[in-house]
Amino acid sequence: NLLILKYFVNIILVPFVSIIGLILNIIIINVIKMRRKDLKEDFFKYMSLNAKWNCMYCLVFIFSPINECISSDYYFMCPSFRKLEFIQYYKIIFIEFVGGFVKMCSNISYLFMTLNRYMLIGKDHSKFFERITKFKFKNILFISIILSFILSVHFLFEYLINHLNNISS
């Protein structure tokens, strides 16, 4: 049944995969930190940054099922605590805004990690790529944070808190 599959993915698989992702990204961060003296290239800075953004993303999505509803034509299941204002704020602020922000930052760091990796191999690279990879790491971090914030801030205003349906009993 499609409903069982949706339940399995949203309620069980997403937190499970988020926990595994968190563990694996922590391992990446620790390996890079232990080998920092040997790893001189910017590629590893971006790899570490990407793993940190991924850890934050996984942390947000470990708790995402608290706001999930499973429905079909014949069945509807929503946890009653989902109506609490705290849970609604969690969805808006953390899942939508912070999740979107961190995902965008992660994608930008992955892009620069890939570009730096490309520049490590071969010769005769495009002048465009050479210029981009010469940007300072801190500047890229700052630009990615500002750009991600601007592109994610709309999530804070897209949803409204349902104050009338709070659990009173």
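At roughly what angle do the axes of helix α1 and α2 cross? They cross at roughly 155 degrees and come within 8 Å. Axes here are lines fitted to C-alpha atoms, for helices over the stretch in contact, and angles run from 0 to 180 degrees between N-to-C directions. Angles under 35 degrees count as roughly parallel, over 145 as roughly antiparallel, 65 to 115 as roughly perpendicular and the rest as oblique. α1 and α2 are therefore roughly antiparallel to each other.

The model is predicted: local features need pLDDT of at least 70, side-chain atom pairs count only at pLDDT 80 or more, and totals for chains, interfaces and linings use all residues. Residues are numbered from 1 along each chain as its sequence is written, and side-chain values use heavy atoms, with hydrogens and water left out.

Now the overall layout. The protein chain has six helices and two strands. Helices (H or I, at least four residues) and strands (E, at least two) are DSSP runs, numbered from the N terminus. Along the sequence the pattern reads α-α-β-β-α-α-α-α. The protein chain has 169 residues, and 32% of them count as buried. Buried means under 20% relative accessible area, exposed over 50%, partly exposed in between (1.4 Å probe, protein chains only). Contact means heavy atoms within 4.5 Å. Take the contacts in the protein chain between residues at least 6 apart in sequence: 76% of these join residues at least 24 apart.

Back to the opening pair. Helix α1 covers residues 2–34, and α2 covers 42–62. α1 passes α2 in a left-handed crossing. A crossing is left-handed if the near helix is turned anticlockwise from the far one by less than a right angle, and right-handed if clockwise. On the α1 side, the residues that meet α2 include Val 14, Ile 19, Leu 22, Ile 26 and Ile 29. On the α2 side, they include Phe 44, Met 47, Ala 51, Cys 55 and Cys 58. The residues of this contact divide into 16 nonpolar, five polar and one charged. Ala, Val, Leu, Ile, Met, Phe, Trp, Tyr, Cys and Pro count as nonpolar, Asp, Glu, Lys and Arg as charged, and the others, Gly among them, as polar.

Helix α5 (residues 137–152) comes next. The axes of α3 and α5 come within 9 Å and cross at roughly 145 degrees. This crossing of α3 past α5 is right-handed. From α3, residues including Phe 97, Phe 101, Met 104, Ile 108 and Phe 112 make the contact. From α5, the residues include Ile 140, Ile 145, Leu 147 and Phe 149. The contact of α3 with α5 has eleven nonpolar residues, four polar and no charged.

α5 also meets α2. Their axes come within 11 Å and cross at roughly 30 degrees. α2 and α5 are therefore roughly parallel to each other. α2 passes α5 in a right-handed crossing. Lys 45, Tyr 46, Leu 49 and Trp 53 of α2 make the contact with Phe 137, Ile 140, Leu 141 and Ile 145 of α5. Seven of the residues in this contact are nonpolar, none is polar and one is charged.

What of the interior? A nonpolar core is a set of buried Ala, Val, Leu, Ile, Met, Phe, Trp, Tyr and Cys residues joined through side-chain atoms within 4.5 Å. The largest has eight residues: Phe 43, Tyr 46, Ile 108, Phe 112, Met 113, Leu 115, Ile 132 and Ile 140. α2 and α3 (85–120) each supply at least two residues of this core. α3 gives the most, with four. Apart from this core lies another, of six residues, among them Leu 22, Ala 51, Cys 55 and Cys 58.

Met 113 sits in helix α3 and is buried, with a relative accessible area of 11%. Leaving aside neighbours within four places in sequence, Met 113 is in contact with Phe 43, Tyr 46 and Met 47. Met 113 and Met 47 are 66 residues apart along the chain, yet their C-alpha atoms are separated by 5.9 Å.

Ser 106 also lies in helix α3. Ser 106 is buried, at a relative accessible area of 9%. Not counting residues up to four places away in sequence, Ser 106 touches Asn 50, Trp 53 and Asn 54.

Thr 114, in helix α3, is partly exposed, with a relative accessible area of 37%.
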